[in-house]
Each structure stands twice: as C-alpha cells, then as structure tokens.
Amino acid sequence: MARIDYDEDERDDDRDDSAPAPTWRRRLVTWALAAIGLGLGFLIPYTLYLNHEVGERFGQLQWQLPTRVYGRPLELAPGLALDPATLKTELDAASYREDGGERPGTYARDGGRFTVASRGFNDVDGTVQPRRIEVVVSGGRVAGLRDLTSKKALKVARLDPARIATLYGQKQEERRLVRIEEVPELLVTGLQAVEDRDFNSHIGIDITGMIRAAFKNVAAGRAKQGASTLTQQLARSGLLGIGQEQTLTRKGKEIIYALLIEARYDKRTILEAYFNQVYLGQRGSQAIHGVSAASEFWFGRDLRDLNTEQIALLIGIVRGPSYYDPRRNPERALGRRNFVLGEMLETGLIKQDEHDRAVKAPLEITANPGNIAANRFPAYVDLIRRQLARDYPADALAGAGLSVMSGMSPSAQAQAEGAVARTLKTLDNKRRPPLQAGLVVTDVHNGEVLAVVGSREFTQHGFNRAIEAQRPVGSLLKPFVYLLALAQPGEFNLSSWVDDSPVTVKLGRGRNWNPGNSDGRSHGMVRMIDALAMSYNQATVRIGMQVAPERISALIKTLAGIEAPDNNPSLILGAVDQSPYAMAQLYQFLASGGEIQPLHAVRGVLDANGKAVKRYDKEPAPAQEGDAIAARLITIALQHAITNGTGRQLVGDGLGRLSPAGKTGTSNDGRDSWFAGWTGDHLAVIWVGNDQNQATGLYGGTGAMRVWSAIFSRLPSASLKVTDKGLDWQSVVGTNTTDASCAGARRFPFVAGFAPQYAPCPAPQPEAEESGGGGWREWFGIGQDKDEPAREPAPNPPSPEQ
C-alpha cells in the first residue's frame with residue numbers, strides 16, 4: 001500500500017509539476033499563430049495595396065514634364081546678313097561649345113570660318129537631321145555654306161534653336177526623358193559599380209549588404225553606412241510617394257516596394273526609370289531630375305556628349321546633390337568624382353591611362369546654368385502666353401511636356417536689351433524723371449516677332465511696356481495719313497505742293513483748332529515728301545482733312561486692330577494711345593511692302609513626341625498691287641526722312657549703309673519719344689518715356705531713335721532696297737516733269753501712268769489732273785466726300801513734332 005501510495009503520490013507530484021507546461025506551450029503557439037495570422041492578415045492586403053500603387057505609378061512611367069519654349073532655328077543661307085560675332089552669339093545661346101565641331105553641339109572657329117556640328121531637332125515642319133556644315137562669313141554676310149559630309153554647297157541649313165524658357169506645372173521639376181539606349185554605357189555601368197554592384201543579380205534588396213551595414217552602424221553608434229540598392233533608391237525617390245524620413249515604417253515600405261518592382265519589371269526598365277527620376281541638383285525652386293536634365297544643368301551639354309570625368313562627377317553627385325554641389329563645394333565634388341573614377345578603374349570600366357587623365361582634369365561645369373532658367377526673357381514669354389491663350393489655357397500649357405517653337409532671335413534680343421540698357425544710361429540725368437522703354441523687333445519677311453523688351457530691367461517680371469503700355473503715338477501715325485493720300489495718284493503724289501501755313505480747323509459749337517509746327521514757324525508751300533520727312537503739322541493737317549479722319553481711323557483698324565475715334569481731327573497728328581506692339585503691327589504693313597502680316601511670336605506647338613499639333617507660321621497673302629505701290633511710295637518718303645529729315649542723325653551714326661526708312665514721334669511736352677524704322681530684314685518700334693507721364697524733354701529723334709541706332713549699329717541686317725515695280729521716276733520742276741538737266745530739277749517716283757505732264761525748261765505749271773486708282777480707294781472710298789466737315793479734336797491734341 002505504501003508503495004502504491006508512494007507511486008500514486010509520485011504520480012500526483014509529477015502531474016502537479018508538469019501540468020502547466022502543455023498549457024504554456026499551447027498558449028505560446030496560439031499567440032504565435034495569432035500574431036502570424038494577424039501579420040499576414042495585414043501584410044497581405046497591404047502588400048496587395050502597394051502592388052497596386054506600383055502598377056499605377058511606376059507602371060505608367062508618367063512624369064509631369066515641363067513645357068519648353070524655344071527660339072527660332074537659325075536659318076543660314078548664302079547672302080544672309082551676318083557677322084562672326086553674331087553667329088557666335090547664336091551658337092552660344094543654343095548651348096553649342098567651341099570644341100572641335102566634330103560631335104553634335106560643338107563648333108570650331110577660324111576667323112570667319114565656322115565648322116558646326118548641329119544636333120537633330122523637331123521643328124514645326126518636321127524633323128531636321130543633324131549635320132556637319134562649314135559656314136564662311138565675310139563682308140557682313142554668309143559667303144559660303146557647304147555640307148562637310150557630302151562636300152556639296154548648300155542653299156540653306158538650319159541649326160537647332162536655343163531654349164529660352166520653361167513652363168512648369170505644379171511641381172518645379174526640370175526633367176528631360178531619355179531611353180536607356182540613349183544613356184552612355186559608361187554611365188550605366190559606372191553607376192552600378194559605385195552604387196549597386198549586385199544590381200543585375202539581387203531581387204530588389206541586398207540582404208548581405210544590409211547586415212554588413214547594420215553591424216558597421218552599430219559599431220559606429222550612428223547611421224554611417226547604407227545598403228540601399230538602386231531599386232530601393234528609385235522607390236524612395238518620390239516617384240512612388242515614399243518620404244525621405246528615416247523611420248522603420250518608411251524603410252519597410254521601401255523594401256516591399258523594391259521587391260514588388262523587381263518582381264514586376266525587368267532590370268532594363270528599372271534602370272531607365274532611375275535615370276529619368278534620380279534627383280541631381282537644385283536651382284532656386286527648380287529641382288533637377290534625371291541624368292539628361294542634369295547633364296544640361298551642370299555641364300551645358302547633351303548627355304551623349306559627356307566625357308569620362310563628367311560622367312564620374314554625375315555619378316558622384318547621386319550620393320548627395322547638395323553636399324557634393326560642384327559650384328558651391330568644388331573641392332568636395334572633386335574628391336567624390338575622383339573616388340568614382342577609382343571605382344571605375346577597379347572594376348575594369350576604364351583603363352589606367354584614362355583614369356590618370358580624368359583625375360587631372362578640372363570639373364568642367366558651367367558657371368551659370370542659364371539654359372535651365374524657367375524664363376530667361378519674361379517680356380517675350382509674356383507675349384507667347386498671350387498669343388497661345390486662345391488655344392491653350394495657362395494650366396494646359398504648364399507641365400504638359402509640349403515644345404513651343406517661337407520666332408525669337410537670340411542675337412536680336414541680345415542687341416535690343418543691350419541697346420536699351422546703354423542708351424537709357426546715357427540719357428539719365430538729375431533734371432529728367434526716371435526713363436523706361438518698350439520695344440518690338442520683327443522680321444519684315446514673315447511677321448515673326450524677333451525680340452521684345454518690356455522694361456530697362458529686362459530680366460525682371462512685371463509690367464510689359466512693349467505690350468501693355470498705352471501711350472500717345474504722336475507723329476508716328478502721320479505716314480498712314482500720307483498713305484491714304486498717295487492711294488489717290490491722280491490727286492496726290494510725293495512731288496505735290498502742300499501749304500504749310502497756319503491752318504484752322506472749324507469744330508462744332510463755334511470752336512476752332514489751330515495746330516502749329518514744332519519750330520513755331522510756317523514753311524509755306526512744300527513738297528509732300530518734305531512735309532512728311534520734316535513732320536510738318538500744318539501741312540499734314542491739310543492733307544488729313546482732305547483724306548478725312550474717319551478714313552484714317554478705318555485704315556489703322558484694318559491694318560492693326562487699333563480703335564480710334566473716327567470723328568476727331570487730332571487723330572491726324574496721332575492723338576491716340578497705343579503700345580509699341582500695336583504700332584509694330586501697323587508699321588509691318590509698310591515694312592513688308594504692303595502685305596497684311598499678322599505678327600506672331602509663336603511659330604508652332606509640338607507634342608511630347610515632337611509632332612506639330614498647331615502651327616501659326618502661315619505664309620502671308622501677297623500684297624495687292626495698289627497697296628504695294630502705295631507702301632513703296634511711303635517707304636521712299638521715309639527713307640528721305642532719314643537722309644534729309646527728322647531721322648538724319650542715323651546717317652551720322654553710320655547707318656546710311658542700310659538705307660533705312662523711319663519715322664519719329666513725340667507727344668505733348670516730350671512725354672513720349674517714339675521711333676519706328678526698318679531695313680531690308682528688320683522692323684523695330686521703340687518707345688521711351690516715364691511711367692508717371694512726366695515730361696522727359698526728349699523728342700523722337702533724341703530718345704527712341706537713339707535706341708534704334710544702338711540696335712542696328714550691331715545687328716546684321718540687309719540694306720533696304722525698294723523695287724521700282726509700278727513706279728515711274730521722273731525729274732520735276734514746279735508741277736511738271738521735265739528733263740533732268742533743267743535747273744532745280746528733282747527726281748520723284750510716281751505711280752506708273754500718273755506722272756504730271758511733261759514740259760521743257762522752263763516748265764509751265766498747269767494744274768495736276770485729278771484721277772482715281774489704287775488699292776486704298778476701293779477699301780475706304782477715297783476721292784468721295786472731299787469736303788467732309790472737321791470734327792472736334794481730342795481734349796489734348798498732340799504737340800508739333802520735331
């Protein structure tokens with residue numbers, strides 16, 4: 001019994017001692033299984049969610065691409081007005097490098113002989129292929145142009161345009177997408193050698209590296225070394241919305257993303273995304289993303305043109321764009337670059353001699369990343385935005401990845417800006433209020449706007465005086481009064497005598513208007529050409545009242561959309577407020593030889609694939625015969641204004657070689673100084689004045705015309721040649737044509753068939769025969785209602801013009 005009792009007791013003791021063990025194990029297993037179940041229950045849906053995110057964001061590979069704005073491509077042709085300095089300006093603006101002229105985007109220069117290797121680009125009319133050309137510039141023009149591959153002479157060659165602005169979306173991200181095959185091989189392999197040597201074999205994370213980094217960080221007591229793969233770097237780059245904060249949650253999310261990316265996409269696709277997304281610099285609010293944009297930002301080069309040391313620096317910057325910023329921290333960046341070169345040597349990517357050469361090379365970065373600037377030319381880009389507003393709302397343009405091909409000429413823009421800065425500085429004095437300026441330069445052949453300056457502080461955004469300033473135009477309107485008169489060749493011609501004596505225009509309610517001349521004198525009977533050249537007010541008013549103010553109003557509305565009262569006699573002397581841009585549109589009719597050419601800053605818009613989706617560079621309709629003849633007569637008269645009238649200082653400035661035509665304009669008390677002038681290639685309209693409408697003491701010839709002179713003293717332009725088509729040049733004495741040998745004989749152009757009667761010396765002077773004819777007669781009914789009563793002038797009619 002005792003044994004049995006003992007055994008029972010022993011069993012009882014055993015049961016008491018061991019009973020809790022199975023319960024504890026079961027609970028542990030239960031908790032473990034529950035934890036795993038909960039973890040899987042959370043992790044599986046969470047992973048599925050992240051997998052969906054990867055598919056939505058990474059799979060589409062869609063970035064917000066900036067819309068880029070380009071100038072016009074430089075079109076070279078034999079005979080084009082050009083000098084070596086201007087060609088260099090154009091090449092530099094388009095980020096060409098003087099580096100042999102062998103690789104695309106480079107050139108070599110030997111005096112006036114240039115070897116240029118152009119880049120291919122997409123233009124409004126299609127793709128322009130890259131080519132190597134030789135350009136010989138001599139005597140102020142292109143003397144030779146040939147293709148260096150075929151050794152054949154060329155009739156025309158286009159160089160890729162300068163980038164002048166960038167229109168960003170909500171994110172100020174500068175990015176230019178590239179395909180993996182467009183990335184230099186050394187950049188692909190070098191990046192892996194430095195950042196992720198096992199990239200081609202790992203599954204998105206490097207477990208061995210993570211363990212190694214963990215031990216080193218524990219030993220150091222701080223985060224000293226990371227172990228992120230390129231895939232992990234891509235996951236946290238912003239493309240998938242992972243922040244940069246150092247937390248376990250963020251790290252876990254990054255790892256899952258990396259695993260999912262590797263599971264879904266091949267290595268080639270992952271690398272391509274990395275090269276387009278990686279952050280490589282900052283300029284103000286602009287973040288530089290992708291190796292292509294970074295190449296332009298740091299080196300001013302196309303990605304394909306980078307050398308070994310530049311590729312190494314780009315790879316080095318990946319580790320810390322701010323810390324290794326080569327502009328701010330050149331020594332630190334140089335050390336990092338040389339480290340990368342060492343890694344390239346160690347992995348056999350480069351040879352010893354190339355390594356030794358590259359290590360000795362300087363950083364070779366651009367001093368200023370100007371070609372990345374969001375808006376290098378605010379006044380011009382303002383005009384672009386306005387012209388695109390009907391087809392592209394602002395939010396549709398920004399960040400849309402479009403290419404806006406404009407008509408801006410970098411050389412014309414540079415000369416215009418420089419002329420404003422230099423001239424206004426010389427005009428500043430203590431007695432004169434602060435001066436401002438606005439100007440527009442156009443191409444007389446096609447209506448493209450080549451340059452816009454909206455302020456003497458031309459790099460600053462703000463009030464664009466070239467477009468927005470509404471100022472009295474003064475005598476700038478007079479040529480259009482004479483244009484309407486000359487469209488009646490049976491009644492008016494440039495040799496017609498006009499009375500420049502005091503004139504009284506009767507107004508309603510017993511009031512009179514008595515405009516006077518600037519010199520306070522009357523000049524008696526003067527030739528019409530001289531009345532315009534000297535800008536005599538009294539003679540012009542007599543002509544204008546015969547033409548009728550309402551027809552002047554109709555004309556300027558037709559040509560430029562300018563609204564003006566049609567019953568105001570003071571319109572004859574320019575009593576209307578307009579902008580330089582509006583006056584450029586008006587004068588474009590004269591400068592183009594009588595064509596209706598709508599001015600346009602935008603040539604076309606290309607989509608992200610380089611295909612034209614909208615064009616604005618339509619060929620203007622040919623001028624009607626009568627309009628062309630009238631425009632030629634005014635051009636001849638305004639050439640006379642330069643040689644013998646209010647613009648004669650231009651001849652003293654050495655610009656007589658251009659045979660320019662032009663007209664000065666001045667408003668009351670010298671508040672506004674205007675000049676509109678053109679050559680065989682360019683028209684420029686300039687305003688100089690004070691924003692508070694204070695008197696400046698400047699006439700058209702002493703203010704705005706000086707800016708015009710400063711532009712064309714440096715800007716290559718063809719001489720203005722007026723064709724004789726439809727004209728008949730005759731010598732005149734009195735009111736009759738006569739022999740050129742007659743004393744006092746003077747040559748004038750007449751509309752063919754309307755020259756006055758011939759008489760031998762001395763010539764009798766019968767009255768001129770009245771007749772109709774000319775394009776403007778049909779438009780505005782000229783020749784009818786000649787005794788149209790005078791109307792009331794503006795409250796403050798313009799003062800006489802110098």
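Eight aromatic pairs are found in the structure. Rings of Phe, Tyr and Trp (its six-membered ring) pair if their centres lie within 6.5 Å; planes under 30 degrees apart count as stacked, over 60 as edge-to-face and the rest as tilted. Please keep in mind that this is a predicted model, in which local features need pLDDT of at least 70, side-chain atom pairs count only at pLDDT 80 or more, and totals for chains, interfaces and linings use all residues. Residues are numbered from 1 along each chain as its sequence is written, and side-chain values use heavy atoms, with hydrogens and water left out.

**View A. Phe297 and Trp298 form an edge-to-face pair.** The two ring centres are 4.6 Å apart and the planes meet at 75°, so Phe297 and Trp298 count as edge-to-face. Are these residues buried or exposed? Phe297 is buried, with a relative accessible area of 1%, and Trp298 is buried too, at 0%. Here buried means under 20% relative accessible area, exposed over 50%, and partly exposed in between (1.4 Å probe, protein chains only). A charge sits over a ring if NZ of Lys or CZ of Arg is within 6 Å of the ring centre and within 35 degrees of the ring normal.

**View B. Tyr323 and Tyr324 make another edge-to-face pair.** Their ring centres are 4.9 Å apart, with the planes at 90°. Tyr323 is partly exposed, at 46% relative accessibility, whereas Tyr324 is buried at 16%.

**View C. Phe480, Tyr587 and Trp678 belong to a cluster.** Ring pairs link these three residues.

**View D. Arg119 meets the ring of Tyr96.** The charged end of Arg119 sits over this ring, 4.6 Å from the centre.

**View E. Glu364 has a positive phi.** The angle is about 60°, although Glu364 is not a glycine. Where is Glu364 placed? You will find Glu364 in the loop between helix H12 (352-360) and helix H13 (378-388). Helices (H or I, at least four residues) and strands (E, at least two) are DSSP runs, numbered from the N terminus. Glu364 is partly exposed, with a relative accessible area of 34%.

**View F. Asp669 has a positive phi of about 60°.** Asp669 is not a glycine, and its loop runs between strand E26 (661-666) and strand E27 (672-678). With a relative accessible area of 52%, Asp669 is exposed.
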